[in-house]
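Opening my notebook on this one. I'll jot down what I looked up, entry by entry.

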Amino acid sequence: MEEKLHSGALYYPADPEITKCQLKCLDLLYAFNATRPSELELRQQMLKRMFAQIGEDCYIESPLYANFGGRHVHFGKGIYANFHLTLVDDTHIYVGDYTMFGPNVTVATAGHPIEPSLRQKGYQYNAPVRIGKNCWIGAGAIILPGVVIGDNVVVGAGSVVTKDLPSNVVAVGNPCRVLRPVSDHDRQYYFKNREIDWDAIK
């Protein structure tokens with residue numbers, strides 16, 4: 001049954017073998033969320049136990065929510081996640097180096113059939129999500145199962161990402177659509193008419 005988590009097939013998530021594994025993962029997540037902000041070393045050690053892969057210099061604010069406690073989550077290095085990141089990690093979630101998540105972002109891999117009788121029986125399916133390097137996922141954004149996001153992408157706050165996004169774009173809306181490319185203008189201004197002082201950047 002656990003193989004079906006990653007195959008895209010319909011499966012029954014309340015299978016005893018699956019729930020036994022899931023509860024162990026959720027206990028670790030509960031312990032992580034109970035740590036103090038000052039317990040930085042302990043938190044890093046716990047993340048390495050919880051996640052499938054997590055690179056150096058990642059920081060995740062608590063509370064973190066994850067269906068399998070991060071068991072199927074692959075984080076690169078230098079990733080920052082603000083409060084209330086929700087990872088529906090019933091199958092794999094891949095996130096590239098230096099990507100940032102605003103507060104209240106949801107990344108979902110699990111879906112449920114439209115056919116009502118299948119939902120009534122509790123069946124679901126999963127599709128992996130891939131997010132590239134150096135992305136910024138704005139506050140309250142939702143990324144749906146099977147989506148692939150390229151590198152250097154900005155997803156606007158509150159967006160619902162239902163389809164793949166190419167690299168080097170700003171995308172916004174519900175459903176999320178490409179607004180414009182990342183451009184030379186963005187190398188000059190960081191917010192409205194505020195210029196970047198490159199000499200002051202370390």
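What follows are my notes on the sheets, a few single residues and the pocket.

**Ground rules.** I'm working from a predicted model, where local features need pLDDT of at least 70, side-chain atom pairs count only at pLDDT 80 or more, and totals for chains, interfaces and linings use all residues. Residues are numbered from 1 along each chain as its sequence is written, and side-chain values use heavy atoms, with hydrogens and water left out.

I started with an open sheet of 5 strands in the order 3-6-9-14-17, paired in parallel. Strand 3 (64–66) and strand 17 (160–161) are at the edges with a single partner strand each, so one side of each has no neighbour in the sheet. For the record, strands are DSSP runs of E of at least two residues, helices are runs of H or I of at least four, and both are numbered from the N terminus. Two strands pair if DSSP finds at least two bridges between them.

I then walked across the sheet. Strand 3 pairs with strand 6 (residues 85–88) over 3 parallel bridges, and L64 has L85 as its bridge partner there. Strand 6 goes on to strand 9 (residues 106–108), again parallel and over 3 bridges, with V88 opposite A108.

Inside the order, strand 16 and strand 18 (residues 169–172) run parallel and are joined by 2 bridges, and V155 faces A171 across them.

Which non-glycine residues did I note with a positive phi? D57 is one of them, at about 60°, and N152 is another, near 60°. D57 is in the loop between strand 1 (53–54) and strand 2, and D57 is exposed at a relative accessible area of 68%. N152 sits in the loop between strand 15 and strand 16 and is partly exposed, at 29%. My cut-offs: buried is under 20% relative accessible area, exposed is over 50%, and partly exposed is in between (1.4 Å probe, protein chains only).

What does D151 touch, leaving out residues up to four places away in sequence? I get G132, K133, C135, S167 and N168, where contact means heavy atoms within 4.5 Å. N168 is 17 residues from D151 in sequence, but the C-alpha atoms are 6.2 Å apart. A polar atom of the D151 side chain lies 2.8 Å from the backbone nitrogen of K133.

Is N126 buried or exposed? N126 is buried, with a relative accessible area of 3%, and belongs to strand 11 (residues 125–126). Its side chain reaches the backbone oxygen of L5 at 3.0 Å and makes a polar contact of 3.0 Å with the side chain of Q124. A polar contact here is a pair of N or O atoms within 3.5 Å; within protein, one must be able to donate a hydrogen and the other to accept it, and residues adjacent in sequence count only if both atoms are side-chain atoms. Beyond four places in sequence, N126 is in contact with L5, G8, Y11, D90, T91, T109 and A110.

**Entry 7, the largest pocket.** I left this for last. The largest pocket holds about 570 Å³ of space. Its lining has 18 residues, with W136, V154, V170, D186 and Y190 nearest the centre. Helix 4 (184–188) and strand 20 (189–191) each supply at least two lining residues, and strand 20 gives the largest share, 3 residues. By class I noted 11 nonpolar, 4 polar and 3 charged. Ala, Val, Leu, Ile, Met, Phe, Trp, Tyr, Cys and Pro count as nonpolar, Asp, Glu, Lys and Arg as charged, and the others, Gly among them, as polar.

How the pocket is defined: on a 1 Å grid over the protein atoms alone, a pocket is an open set of points where a 1.4 Å probe fits, with protein on both sides within 12 Å along at least five of seven lines, and lining residues have an atom within 4 Å of a point. Grid points are joined across faces, edges and corners, and the volume is the space filled by probe spheres set on the points.
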